[in-house]
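These entries record what I looked up in one structure.

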Amino acid sequence: MQSDIEIARQAVKRPIQEIGARLDIPPGDLLPFGHDKAKLSAEFIKSLADRGDGNLILVTAINPTPAGEGKTTTTVGLGDGLNRIGKRAAICIREASLGPCFGMKGGAAGGGKAQVVPMEDMNLHFTGDFHAITSAHNLLSALIDNHVYWGNSLGIDVRRIAWRRVVDMNDRALRQITCSLGGVANGFPREAGFDITVASEVMAILCLASDLDDLQRRLGDIIVAYRRDRSPVYCRDLNAQGAMTVLLQQAVQPNLVQTLENNPAFVHGGPFANIAHGCNSVIATRAALKLADYVVTEAGFGADLGAEKFLNIKCRQAGLSPKAVVIVATVRALKMNGGVARADLGTEDVDAVRRGCDNLGRHIENIAKFGVPSIVAINHFVTDTDAEVQAVRDYSAALGAEAVLCRHWELGSEGTEELARRVVAMIDRGGADYAPIYSSGLGLMEKIETVAKEIYRAGEVTAGDRIRDQLKQWEDAGYGELPVCMAKTQYSFTTDPNRRGAPSGHVIPVREVRLSAGAGFVVAICGEIMTMPGLPRVPAAEAIGLNPDGEVEGLF
């Protein structure tokens, strides 16, 4: 069996100008990076403003397990399937972070016969967007410490500097550091730390901004520190937003690439869904909706994280209204949710599938709360039996959701043709009436509790007086209208990554809250989730290298 990278290497790619032509993008409005990828010009995006929008389709999934779900693979497969049945369709996905690529999760380009290429570029440096975000973020960090060094005229309380540094790598040693050691010339020693780049507020801002001017305004609104009287110090107080925007000028332009079947794919931005809002950029999604009749996008991890944030944060801020949601599940993952050990997943166990379907059912019910119809995509594995697949179909039907078997990993668009037809039929029937599950006017703590109880089915949310007081202060300062971004393990509805299935009545502990004033949301950090992940005992990096022909091996 060929690996994903071997399949991708055999792709017959078309010049990127040909891919753009499928969406009527003039060659002069593509800024090429080689022959197979390009950025879409800001001028062309502005010219699309008066066009109507196509139909937005969100692909999400059950909670991830080591058995695999295949959300990105299904996103790519559905996009190819829609084009196969004669629809003008494009996909919008996130860029890959080097951290998980070299860690445990792997890349983010799909898999098998449903991939976006060039796979190696997408999973490594691509067009340099993440490097630009890292540089812009750390420029602000340097300007803060430099301001303090040269007299601190803004009165920054060095104990209350809220802006950490970032690097696009899993490096637990950098989570908490002491900086500015070495004497007077190096500044004032203080505690600091690093987050991974995908958790940066700059990443969130780039992905939520509507254009370059909005990007600069949002950057200026970042709160970097507080004074002794607890008044905030903004990025604009340091006059940093202009230089940061210069670094991000090209990064804010969406990237156009292609699937293995030469269909257009916009790959742009990459906030994690467990520690950020988990969606590709608003600019890319809006542009795709102007250019295609159907746009397939994804949200990170399971629907309790990615889809919730897509629907409560991205769609609310960007004025988007999805017409359909596809929930990806695999028989293998459902069996794990049903209590089967990973080593035994190849053995038929219909009862375990039924037990594990509780997790799928919870996500189906949650999506319905947003007023958007959903369909289940059963991502096929060769070990699946007819009886196991039928169990998923029957369970979904009992909840009013159709389940369609998909074989895109093996067959490409041929394997998603039925799913594509069913999704189009569902959209044609109408019935989508999207609305967030909480109003902007609800208090911040009440918003956190709403997500915890309505989506996670928690019985209680715990937060100390310090956290509750901080939320109240932000409300008094005018930030009460913001949505909340829950930072929580992706593996469970609880904060315990080992608790699978569909638990209810559990406690969600809020450990910390952070105000992302520029991005426009409040982050609630729950349980033991880390904004700087670590590498596993055996990192994927140990298997990555160049073969004798100079080709990358080991990426997945």
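Entry 1. Before reading a volume I noted the term: a cavity is a set of grid points where a 1.4 Å probe fits but cannot get out. The model I examined is a predicted one. I found two cavities of 30 Å³ or more in the structure. The volume of the largest cavity came to about 70 Å³.

I next listed the lining of the largest cavity. It includes Glu95, Ala96 and Leu98, then Met122 and Leu124, and also Asp168. His125, Phe126, Gly128, Asp129, Phe130 and His131 line this cavity as well. Sorted by class, the lining of the largest cavity has six nonpolar, three polar and three charged residues. Helix H7 (residues 129-149) supplies the largest share of this lining, namely three residues.

**Entry 2. The second largest cavity.** I recorded a volume of about 30 Å³ for the second largest cavity. Its lining is formed by Ala303, Asp304, Ala307, Glu308, His363, Asn366, Ile367, Phe370 and Ile455. Two elements give two or more residues each to this lining: H12 and helix H14 (350-368). H12 gives the most, with four residues. By class I noted five nonpolar, two polar and two charged residues in the lining of the second largest cavity.

**Entry 3. Helix H12.** How far apart are the end C-alpha atoms of helix H12? Helix H12 covers residues 303-318, and its end C-alpha atoms are only 19 Å apart. A straight helix of 16 residues would reach 22 Å at 1.5 Å a residue, so H12 falls short of that span. I also found a kink of about 35° in H12, centred on Phe310.

Is H12 mostly buried or exposed? I counted 14 of its 16 residues as buried, so H12 is largely enclosed by the rest of the structure. Just after H12 comes Gly319, which takes a positive phi of about 70°.

**Entry 4. The second largest pocket.** I then turned to an open space. The second largest pocket holds about 1400 Å³ of space. Its lining consists of 49 residues, and Ile161, Ala162, Glu512, Val513 and Arg514 lie nearest its centre. Among the elements that give two or more residues to this lining are strand E7 (156-161), helix H8 (201-208), strand E22 (507-516) and strand E23 (521-526). H19 provides the largest share, eight residues. I noted 26 nonpolar, eight polar and 15 charged residues in the lining of the second largest pocket.

**Entry 5. An aromatic pair.** The partners are Tyr149 and Trp150, whose ring centres lie 5.1 Å apart. The angle between their planes is 85°, and the pair is edge-to-face. Tyr149 has 33% relative accessibility and counts as partly exposed. Trp150, with a relative accessible area of 66%, is exposed.

**Entry 6. Backbone angles.** I began with a general point: most residues other than glycine have a negative phi, and most peptide bonds are trans. I then looked for departures from this.

Which peptide bond is cis? I found a cis bond from Val117 to Pro118, with omega near 5°. Pro118 sits in the loop between strand E6 (114-117) and helix H6 (119-123).

I also recorded positive phi values at two asparagines. Asn152 has a phi near 55° and belongs to the loop between H7 and E7. Asn262 has a phi near 65° and belongs to the loop between strand E14 (255-259) and strand E15 (264-267). For burial I used the cut-off of under 20% relative accessible area. Asn152, at 18%, is therefore buried. Asn262, with a relative accessible area of 18%, is buried too.

**Entry 7. A contact across the sequence.** Finally, I looked up Asp4, which lies in helix H1 (residues 4-9). Asp4 is buried, at 17% relative accessibility. I noted that Asp4 and Gly110 are 106 residues apart along the chain, yet their C-alpha atoms are separated by 8.4 Å.

Methods. Residues are numbered from 1 along each chain as its sequence is written. This is a predicted model: local features need pLDDT of at least 70, side-chain atom pairs count only at pLDDT 80 or more; totals for chains, interfaces and linings use all residues. Side-chain values use heavy atoms; hydrogens and water are left out. On a 1 Å grid over the protein atoms alone, a cavity is a set of points where a 1.4 Å probe fits but cannot get out, and a pocket is an open set with protein on both sides within 12 Å along at least five of seven lines; lining residues have an atom within 4 Å of a point. Grid points are joined across faces, edges and corners, and a volume is the space filled by probe spheres set on the points. Ala, Val, Leu, Ile, Met, Phe, Trp, Tyr, Cys and Pro count as nonpolar, Asp, Glu, Lys and Arg as charged, and the others, Gly among them, as polar. The bend at a residue is the angle between axes fitted to the seven residues ending there and the seven starting there. Buried means under 20% relative accessible area, exposed over 50%, partly exposed in between (1.4 Å probe, protein chains only). Rings of Phe, Tyr and Trp (its six-membered ring) pair if their centres lie within 6.5 Å; planes under 30 degrees apart count as stacked, over 60 as edge-to-face and the rest as tilted.
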